[in-house]
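Subject: Structure for your review

Dear colleague,

Please find below the structure that I am handing over to you, followed by an account of what was found in it. I would be grateful if you would read the two side by side.

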Amino acid sequence: MLKEIIYSNLFKIFATGLLIRLLIMPFFYHPDIKVYHFQASFLKNGVWNIYDYLKENKNNFVYKEEFVYFPLTYYFLGSYQILASPFLGNQFEGWLNDASFESTQRIGVFRYLFILKLPYLILDLFIGFLLTKLILRQEDKKKLLALWMFNPFSIILIYIFSNVDILIVTLTLLSLIFARKNKLFLAAIMLGVGSGFKAYPIFFLPFLVIFASNIKDKLLILLGGFGTIGLILFPFLSSTAFQEAALVSGLTTRIFQTNIDIGFGEKIILPIIFIAMLYLFYYMKKTKTFDFLVAGFLLIPLVIFSSIHYHIQWLLWAIPFAILQIIKTPKSLNLFIFIGILIFLIPFLYDDKYMNFSLLSVISNSYQQLPTIFSIIQKFYDPYLLQSLIHSVLAASVAVLSYYLIKQDYE
Amino acid sequence: MNKKVIIVYFLLILTTPFIISLGIKYLPENPQPEIKSYAKIYGENKFSQIIKPENNNLSAVGITFKNPNLRNKNNLHLEIKNDSGLTLVNKIVNGQVIGDGNFLRIKFPPIIDSINKNLIVNFSSENSIDNDALEISLTNNHNGMKPQLALATFYSPENPIFTGLDIYSDWFNKLFKDFNFMLTYFFLLFIIIILINLEKLKYKIAN
C-alpha cells in the first residue's frame with residue numbers, strides 16, 4: 001500500500017511542491033516573523049496577557065510594536081517556540097532581541113527561519129490534503145492539488161511573507177468541510193476558533209446561518225460561532241491594551257475608512273455595502289447550495305480587498321476557495337489569473353522596502369540598498385495614482401467575478 | 001510536468017538573487033553604530049569626523065536626523081575633504097526633505113581612491129538657528145567629550161558581477177557555518193528528490 005501511495009501522481013505532486021517550499025523557506029525574510037515571535041517568546045516566561053505586558057514594558061524592549069493579533073495567535077506561536085527551542089539553539093533569543101541592521105547576517109538565521117516556518121509548511125500541506133476531500137473526481141483532485149502546490153501566490157505569501165494567516169485559512173477550510181457534511185455547529189465553531197486568531201472569519205458566519213435549513217441549526221451556528229469567539233476574547237475585553245492593539249487595528253479600522261459622506265454625520269461604508277449584498281444574494285436564492293457557500297467564502301475577502309487598502313498577507317484568505325472555484329468552473333481560470341496578478345501587483349507598489357528586494361536581506365544586506373519599486377516609479381509617474389488605477393480595475397474585475405458566480409446555476 | 005516545474009522554480013531561486021544584485025549601486029561598508037544621543041546642528045555648531053574607508057569608490061554617507069514637526073527648512077551642508085584640505089565632496093540637502101528620525105543617505109560621485117585614506121566629513125547648517133535646528137545622531141553622550149557621529153558609509157561596487165559572486169559566496173559561507181542545519185537541510189532535500197524519482201530509479205536499477 002505504501003508503494004501505491006509513493007508511486008501515485010498525487011504523492012508526486014505533494015513531494016514536488018514540498019521540495020519547492022523547502023528551497024525557499026530559509027532564504028527569504030520579512031521582519032514580521034521576528035517581531036511576532038519576539039512578542040510570543042514571553043509565553044515561556046509565564047506572560048498570559050501579552051497586550052498589557054507589552055504596554056507596561058514597552059520602553060524596555062527593542063521592538064515597541066503592539067501585538068495586533070487575537071490571543072490564540074500568541075498562545076500558538078509561544079507554544080510552538082517552546083516545543084522548537086531545542087532545535088532553535090541557544091542563540092535564538094539573542095537574535096530575537098537584536099534589532100540592528102546586522103541581525104539578518106547572524107549565523108543561524110537560516111535555521112531560525114526554516115524552523116519558524118515549519119508549522120506553516122505542515123498546515124500548507126494539510127490544506128492541500130483538505131482541498132482534495134472537497135472534490136470527487138480523481139482527475140480534478142490532481143488538477144486541484146497541482147494548482148495549490150504550484151501556484152506562486154500562496155508560496156510567496158506563506159514562505160516569503162511568513163504568513164500567520166495560514167492558521168486561520170486552515171480553520172475556515174475545515175469549517176467548509178464540516179458544512180459539507182452538514183455538521184453546521186462544528187463548522188461554526190471552526191469559524192469561532194479562527195476568529196480567536198484574527199477577526200475576519202466572523203464574516204463567513206452569516207453564510208453558514210443562511211445555508212442552514214431550519215431555525216434550530218441557525219441558532220446553533222450563531223451560538224457556536226459567537227459563543228466560541230466570546231469565550232476566547234472574554235478574559236481580555238476589559239484590557240484597554242487589548243482594545244487599542246487588537247480591536248482597533250488593521251482590518252477592523254480599514255473597513256470603515258472607505259466611505260461616502262452623506263451629510264449630517266452619516267457615512268455609507270462601501271465594504272459593508274458589498275458584504276451585505278453578498279449575504280442578501282445568497283439569502284434570495286431559492287436553493288442554498290454548498291457551491292454558493294464556497295463562492296461566498298471566496299467573494300467576501302475579494303470584495304474587502306477590492307475596496308480597502310490591504311496587506312499582502314491577507315490575500316491568502318481567498319486562495320484555497322479560488323482554487324476550488326477554478327476546478328468547478330474552468331472557464332473562470334483566466335479571470336482568476338487576471339485578478340491574481342492585479343491583487344498582487346498593488347502591494348508591491350507600496351512604499352515599503354520589505355515589499356521588495358529587502359526580502360532577500362538574510363542572503364545579503366546589500367539588497368537593502370536597492371531602491372523600492374515605488375521610488376523607481378516615482379521618477380517618472382505618480383506611484384499612488386498608479387496604485388489607484390490598478391485598484392480600480394481590480395474592483396471592477398471582482399465585481400464581474402461576483403456577478404458571474406452569483407448568476408451561475410449551481411447543482 | 002513535475003520536472004519542468006522543479007527546474008523553473010529551482011532556476012528562479014538560484015538566479016534571482018544574482019540578477020537582482022546587478023542593480024546594487026551602493027554597498028554598505030560600515031553599518032550605522034548605535035545611536036546614544038542627538039545634538040543640534042546650527043550656526044557655528046558644526047560636526048566633523050575622520051573616517052578611513054576600507055574600500056575604493058566611497059559614494060555615500062548615511063546618518064539619522066531628528067527634525068521635529070519638520071521645522072527645519074534650511075540647507076544642510078555636507079563636505080568631505082582629504083587630509084590635504086582638498087574638498088572632494090560638496091553636497092547640500094534641504095531640511096524640508098529630512099524627515100524626523102529618518103536615516104538620510106547622502107550620495108555623491110564616487111571617491112575613486114578612497115581606500116585607507118583619512119577623510120574628514122563635515123556637517124554644518126549655517127542658516128539654521130537653535131529653535132529650528134536639525135539634530136544629528138551621535139554614538140556617545142557628548143557632555144564634555146568630542147561628539148562621535150553615528151555615521152554609516154557606502155561604496156559603489158567596481159564590478160556588478162563580482163558583487164553578485166561575493167553575495168553568493170557570503171550566502172553559502174553563512175549556510176555552511178551552521179553545519180548541523182546545513183547537513184539536515186540538504187539531507188531532507190535529498191530524501192525528497194529520491195522519493196519523487198523512486199519509480200524511475202527502481203526501473204533503472206532493475207534494468
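A residue is called buried when its relative accessible area is under 20%, exposed when that area is over 50%, and partly exposed in between. Please note also that this is a predicted model.

Salt bridges

By that scale A:Arg106 is partly exposed, because its relative accessible area is 27%. A:Arg106 forms a salt bridge with A:Asp98, and the closest N and O atoms of the two are 3.1 Å apart. A:Asp98, in contrast, has a relative accessible area of 14% and is therefore buried.

Over all chains, the whole structure contains 13 salt bridges. Another of them joins A:Arg21 to A:Asp124, with 2.4 Å between the closest N and O atoms. Since A:Arg21 belongs to helix H2 of chain A and A:Asp124 to helix H7 of chain A, this pair ties together parts that lie 103 residues apart in sequence. Both A:Arg21 and A:Asp124 are buried.

The interface of chain A and chain B

The contact draws 39 residues from chain A and 37 residues from chain B. Between them the two chains bury about 3,600 Å², of which 74% is on carbon and sulfur atoms. How many salt bridges cross this interface? The rule finds 1. In this salt bridge the side chain of B:Asp178 meets that of A:Arg111, at 2.7 Å from N to O. B:Asp178 is buried, as its relative accessible area is 10%.

On the side of chain A that touches chain B, helix H1 (2–7), helix H2 (9–24), helix H7 (109–133) and helix H9 (152–160) of chain A each supply at least two residues. H2(A) gives the most, with 11 residues. By type, the residues on this side of chain A comprise 26 nonpolar, 8 polar and 5 charged.

Strand E8 of chain B

Of the 6 residues in strand E8 (residues 119–124) of chain B, 5 are buried, so the strand is largely enclosed by the rest of the structure. Strand E3 (residues 47–51) of chain B pairs with E8(B) in the antiparallel sense over 5 bridges, and here B:Ser48 stands opposite B:Asn122. Strand E5 (residues 75–82) of chain B also runs antiparallel to E8(B), joined to it by 6 bridges. B:Ile80 has B:Val121 in E8(B) as its bridge partner.

Further points in both chains

Helix H18 (residues 319–328) of chain A is mostly covered, with 9 of its 10 residues buried. Among them are A:Phe321, A:Leu324 and A:Gln325.

A:Ser41 is located in the loop between helix H3 (31–40) and helix H4 (50–57) of chain A. Its relative accessibility is 5%, so A:Ser41 counts as buried. Leaving aside residues up to four places away in sequence, A:Ser41 touches A:Gln81, A:Glu93 and A:Leu96.

B:Thr15 has its place in helix H1 (residues 2–21) of chain B. With a relative accessibility of 33%, B:Thr15 counts as partly exposed. The side chain of B:Thr15 reaches the backbone oxygen of B:Leu11 at 2.6 Å.

Yours sincerely

Terms used: Residues numbered from 1 in each chain as written. Chains lettered and ligands numbered in written order. Predicted model: local features only at pLDDT ≥ 70, side-chain atom pairs only at ≥ 80, totals over all residues. Heavy atoms only, no water. Buried < 20%, exposed > 50% of the residue type's maximum accessible area, 1.4 Å probe, protein only. Helix = DSSP H or I, 4+ residues; strand = E, 2+ residues; numbered from the N terminus. Pairing = 2+ DSSP bridges. Contact = heavy atoms within 4.5 Å. Buried area = accessible area lost by both parts, 1.4 Å probe. Salt bridge = Lys/Arg side-chain N within 4 Å of Asp/Glu carboxyl O. Nonpolar A, V, L, I, M, F, W, Y, C, P; charged D, E, K, R; others polar. Polar contact = N/O pair within 3.5 Å; in protein donor to acceptor, adjacent residues only side chain to side chain.
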